[in-house]
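Here is a short note for a colleague who is meeting this structure for the first time. Please read the points below alongside the sequence and the model.

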Amino acid sequence: MRKPVVRDMAFFMSRTKPEGECLVWQGSLTVAGYSRFVDMGKAGSGHRAVARLSGLDIEGRVVRHSCHNRACINPEHLSVGTDADNVKDMDNAGRRYRVVTPKTIAAVKALLKEGMRQRDISELLGINQRYVSEIKCGVRGDDGKILKPWW
Ligand SMILES: [Zn+2]
């Protein structure tokens with residue numbers, strides 16, 4: 001019988017390559033570029049597993065990268081936060097991903113209904129196109145909060 005794989009900190013760390021101060025996951029990545037591993041047929045994300053192993057309480061919270069390197073699983077670069085923190089982080093990193101108010105979300109929905117393209121809505125309202133797509137797919141609710149995390 002095959003012995004179960006013990007996925008402890010050593011398991012994850014032995015599968016990384018240093019890149020500057022980051023420890024970059026050498027296994028598979030999600031579409032969004034996050035580390036991914038499979039456990040009993042279920043996919044898990046490496047940075048969340050490592051954050052948990054390093055003693056962080058990640059239940060119901062997002063795990064953030066201070067280095068903005070999504071494939072990095074260096075515990076030193078991981079912290080937990082709210083979705084709002086994450087958005088703020090992205091702003092600080094110079095990406096156009098500002099906090100979207102319920103008013104804007106209502107506008108996005110109305111424009112989608114009129115058949116406007118996601119890219120045009122993003123341009124018009126000055127918000128990230130991913131946000132528009134998340135609203136369209138129902139990943140984000142009317143208050144802008146993530147309803148169905150994909151990580
Ligand atoms: Zn890092």
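Which residues have the most contacts inside the largest nonpolar core?

1. They are Val50 and Ile73, in a core of 13 residues. A nonpolar core here is a set of buried Ala, Val, Leu, Ile, Met, Phe, Trp, Tyr and Cys residues joined through C-beta atoms within 7 Å, and a residue is buried if 20 or more other C-beta atoms, placed from the backbone, lie within 10 Å of its own.

2. The model is a predicted one, in which local features need pLDDT of at least 70 and side-chain atom pairs count only at pLDDT 80 or more, while totals for chains, interfaces and linings use all residues. Residues are numbered from 1 along each chain as its sequence is written.

3. The protein chain has 6 helices and 6 strands, which follow one another from the N terminus as α-β-β-β-β-α-β-β-α-α-α-α; helices (H or I, at least four residues) and strands (E, at least two) are DSSP runs numbered from the N terminus. Of its 151 residues, 22% count as buried.

4. Leaving aside residues up to four places away in sequence, valine 50 touches Met9, Phe12, Ile73, Pro75 and Leu78, where contact requires C-beta atoms, placed from the backbone, within 7 Å.

5. Helix 4 (residues 102–113) and helix 6 (residues 129–136) pack at an angle of about 75°, with axes 10 Å apart, the axes being lines fitted to C-alpha atoms over the stretch in contact and the angles running from 0 to 180 degrees between N-to-C directions. The two helices are therefore roughly perpendicular, a label given to angles of 65 to 115 degrees. Helix 4 brings Ile105, Val108, Lys109 and Leu112 to the contact, and helix 6 brings Val132, Ile135 and Lys136.

6. In helix 6, the buried residues are Tyr131, Val132, Glu134 and Ile135. They lie on the same side of helix 6 because they cover an arc of only 160° around the axis, the arc being that of the directions from the helix axis to the C-beta atoms. These buried residues pack against helix 4 and helix 5 (118–125). Just after helix 6, glycine 138 takes a positive phi of about 80°.

Technical notes:
Parallel < 35°, antiparallel > 145°, perpendicular 65-115°, else oblique. Contact = placed C-beta atoms within 7 Å. Buried ≥ 20, exposed ≤ 12 C-beta atoms within 10 Å, placed from the backbone.
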